[in-house]
Amino acid sequence: MSFALEWARLWVVSFGRFLQFVGRVVGSIYSGKVLGFFGEALRQAGILILGSSLIVFGLVFVLGLQCGIEGAYAARTVGAPYVSGAITALCDLREITPYAFGYMMAAKVGTGMVAELGSMRISDEVDALDAMGINSLIYLCGTRLLGMWMIIPFVYIGAIAVGFIGSYIAVVLQIGEVSAGGYFEIFWSFQDPVDLLYSTIKGMAMATLVVIVGCYYGYHASGGPVGVGTATAKSMVANILGVHAIGMLGTQIFWGGNPRSPIGG
Amino acid sequence: MQPVAQRAASATFEFAETVGSMGLLTARTMASAVTPPYPYGREFLAQFLFAVRLCWFPMIIASVAFTYGPAGVQAAGFLNLFGALDRLGGLFVLTVVREFAPLVTAIVIAGVAGTAITADLGARKIREELDALQVLGVDPVKNLVVPRFLALMLVTALFNIYALIFGTFGGVLVTLQYDAPLGPFWATYFDNATVTELWASLIKTTVFGGIIAIVCCYKGMTAKGGPEGVGRAVNEAVVMAFMGIGAFNYVFTQALLATTPELTVVR
């Protein structure tokens, strides 16, 4: 019993520390202090685009193909291959792209940040920054969050396009039971810009979580190179829990009460 | 700055080399698992319990969330427009058993247990414990990789069952949310469930477990020194594991659906 209480107390304490960290990083952006390092934020944005976006697109593309074949076979099951577009539209735009995006952001960007910031921390580079009078929290974490916010909407919309292309390849070119025109007619009528907005909000929330978790675990790493590895592994657990929670809540809030499909009244 | 073509060529070469080495490690692991002696029983049990202890909670959250959202809310909203909410059960067999439960299991095992294995082996590598083992005449593949390989294959297949149960629970939640009776849900669920589907799901997750174990062990055992070494190894391992899972998932599902047409009959 006392063990469980102790465990719960530790959990609450570390969660509180995490929230405090989030408050300080977001506060540094909100108060405009991070603009002193705007060049660094641009550099981080550039690293994100050049280093990570292709890998993220890769997973989104594979899962888009997956949506396509599942949709094509499910539509054939009910004897209407023509409507595979309805399934892929819902699957790609609303669910699979945000999840695939969140997973790959966590794997590539999140753990990469933990490894990078953690190695800076254990080789005392972070303390050196502080000693030079540079606020290391703003310089390292605030700039990464700002850089990510500047470009992620565009990367995310690019990812959606990649997922759409994957589904198109699977349904029209590979399975080939519906013509391109017939596919697109159903496909576009089962989505509208509001769905795209909702989906982007989900993707943004996941990316924000991933970057903040990555910064938190990296900034607070300790215990030498081994500690950095452990912190990297731990950050992935937090990311997986968070990405799924955001995905579930987002779906419930945006589409739970209103399916937003062009059927009936 | 090297020319782009040269950089792309060297990146491609590096990638091919990594994949080839992983193939070799897979072959060595399998050969070493079936040739006597078998000293890895204790380590196998330890790794199995380690993975179960780490993964059970993320697993539950992830499988409920993943099936409640895509397969539950979206599909139920769509079906409800036709007044055919009872068909949700059949759809759950199609999506959850075939697709989402294996995928979400693999993602959680790779993200939670796989990263922990890479961090562990990477730490041993840079502390030169692996070299010390080899000097002592202990084969790292037989004593470290084989138990992890077998344990992860077993754990992934086992957790797939849990993902199925909790995933179906997500569907039950959605049905209750629409104030619909559960009887029709279960009726269409069991009408559409086939043994082939379950076997395919288990085989798929077993292979996922093998992929995750090989990728994560390889990256851990080849971790480089320096402050960033282990963290970078974990990063590369999880990226490669996710891509491997996605690619194998696509090939397997396509092959399964194309070769067993009885799965695509609605009942």
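# Close-up views of a predicted two-chain model

**Figure 1. B:Val215 lies in helix 7 of chain B.** Helices here are DSSP runs of H or I with at least four residues, strands are runs of E with at least two, and both are numbered from the N terminus. The model is predicted: local features need pLDDT of at least 70, side-chain atom pairs count only at pLDDT 80 or more, and totals for chains, interfaces and linings use all residues. Residues are numbered from 1 along each chain as its sequence is written, while chains are lettered from A and ligands numbered from 1 in the order in which they are written. B:Val215 counts as buried because 29 other C-beta atoms lie within 10 Å of its own. The cut-offs are 20 or more other C-beta atoms within 10 Å for buried, 12 or fewer for exposed, and anything in between for partly exposed, with C-beta atoms placed from the backbone. Apart from neighbours within four places in sequence, B:Val215 is in contact with B:Met22, B:Ala237, B:Met240, B:Ala241 and B:Gly244. Contact means that the C-beta atoms of two residues, placed from the backbone, lie within 7 Å. From B:Val215 to B:Ala241 the C-alpha atoms are 6.2 Å apart, and the two residues are 26 apart in sequence.

**Figure 2. Helix 3 (residues 88-126) and helix 7 (residues 195-221) of chain B cross at roughly 20°.** Two packed helices are described by the angle between their axes and the distance between the axes. In this pair, the axes come within 8 Å. The axes are lines fitted to C-alpha atoms, for helices over the stretch in contact, and angles run from 0 to 180 degrees between N-to-C directions. Helix 3 and helix 7 of chain B are therefore roughly parallel to each other. That term covers angles under 35 degrees; over 145 counts as roughly antiparallel, 65 to 115 as roughly perpendicular, and the rest as oblique. The contact between helix 3 and helix 7 of chain B has 15 nonpolar, 8 polar and 6 charged residues. Ala, Val, Leu, Ile, Met, Phe, Trp, Tyr, Cys and Pro count as nonpolar, Asp, Glu, Lys and Arg as charged, and the others, Gly among them, as polar.

**Figure 3. Chain A and chain B meet through 55 residues of chain A and 48 residues of chain B.** On the side of chain B that touches chain A, the elements that give two or more residues are helix 2 (41-81), helix 3 and helix 8 (229-259) of chain B. Helix 8 of chain B gives the most, with 17 residues. By class, this side of chain B has 30 nonpolar, 15 polar and 3 charged residues. The predictor gives the complex an ipTM of 0.88 and a pTM of 0.91.

**Figure 4. B:Leu49 sits in helix 2 of chain B.** B:Leu49 counts as exposed because it has 12 C-beta neighbours inside 10 Å. B:Leu49 and B:Val155 are 106 residues apart in sequence, and their C-alpha atoms are 9.0 Å apart in space.

Figure 5. The peptide bond from B:Pro36 to B:Pro37 is cis, with omega near 0°. B:Glu128 is exposed, with 11 other C-beta atoms within 10 Å. With 7 C-beta neighbours inside 10 Å, B:Asp179 counts as exposed.

**Figure 6. Chain B has 8 helices and 0 strands.** The C-alpha atoms of chain B fill a box of roughly 70 × 50 × 35 Å along the principal axes. Of the 267 residues of chain B, 51% are buried. The mean pLDDT of chain B is 87, and 99% of its residues reach 70 or more. pLDDT is the predictor's confidence in each residue, from 0 to 100.
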